[in-house]
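I opened the model to look up a few points on helices, core and ring pairs. The entries below follow the order in which I checked them.

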Amino acid sequence: MKKVGLLSIVGAVLMAGVPSPAAEDMVTRRQADMKAMAAAAKTISGMFKDPATYKAGEFTWAADTIRDKSGSVLSAHFASEAASPQSKARPNILEERDRFDSIANDLRDYAVALDAAAEKNPGQMPASMRMKPGEAMGGGPLGTHVRNEQELSAMPAEHAFHLMLQTCTTCHVRFRME
């Protein structure tokens, strides 16, 4: 009887150190979503670098990709600790849940603003979507966010895009290893 109990304890301890297939699947899914958001951001960035390449449909697709993979979807990917050698996430996400969720929602809000800008501008990229030379970016990479929807919708899409990138940086600095 004691041997069976001891074996059960040893087995449980050994299994605790092995990531579950579900944890591995979640890491794979969230990494795929992160790569999709990075590719979408690269698409938008390219259009701001060369406005002649702007296509409202592609811009919308990219903004929608980020919108659909951020906010509550992104938060759900980190709902529980998923210890995995594949993961680059820091364990402090669970300890700082409110902050992480706020950053994930900020990312979604910036993507929504970019989507709205593309809807308003189905033709060529107008100057109103671009930042003006010397225009202050505001904030910084460790806490930039715009809470007021009116302020967000009034700023040029390029400014919202830069704030979105700063949001990514903020999250990676705080919650990603490396």
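**Entry 1: Q31**

I use buried for under 20% relative accessible area, exposed for over 50% and partly exposed for in between, with a 1.4 Å probe and protein chains only. This is a predicted model, in which local features need pLDDT of at least 70 and side-chain atom pairs count only at pLDDT 80 or more, while totals for chains, interfaces and linings use all residues. Residues are numbered from 1 along each chain as its sequence is written, and side-chain values use heavy atoms, with hydrogens and water left out.

Q31 sits in helix α2; helices are DSSP runs (H or I, at least four residues), numbered from the N terminus. Leaving aside neighbours within four places in sequence, I find Q31 in contact (heavy atoms within 4.5 Å) with Q86 and S87. Q31 and Q86 are 55 residues apart in sequence, and their C-alpha atoms are 9.4 Å apart.

**Entry 2: helix α6**

I checked the length of α6, residues 97-120.

**Entry 3: the core**

I then looked up the largest nonpolar core, which has 37 residues. Such a core is a set of buried Ala, Val, Leu, Ile, Met, Phe, Trp, Tyr and Cys residues joined through side-chain atoms within 4.5 Å. I44, Y54, F59, I66 and L114 have the most contacts inside this core. Helices α2 (21-49), α3 (56-69), α6 and α8 (157-175) each supply at least two of its residues, and α6 gives the largest share, ten residues. I44 touches F59, A62, A63, I66, L114 and F161, not counting residues up to four places away in sequence.

**Entry 4: aromatic pairs**

I count five aromatic pairs in the structure. Rings of Phe, Tyr and Trp (its six-membered ring) pair if their centres lie within 6.5 Å; planes under 30 degrees apart are stacked, over 60 edge-to-face, the rest tilted. F48 and F161 form a tilted pair, 5.7 Å centre to centre with 40 degrees between the planes. F48 lies in α2 and F161 in α8, so the pair ties together parts 113 residues apart in sequence. Both F48 and F161 are buried. The ring centres of F78 and F100 are 5.1 Å apart with planes at 65 degrees, so that pair is edge-to-face.

How values were computed: Expected span 1.5 Å × (residues − 1).
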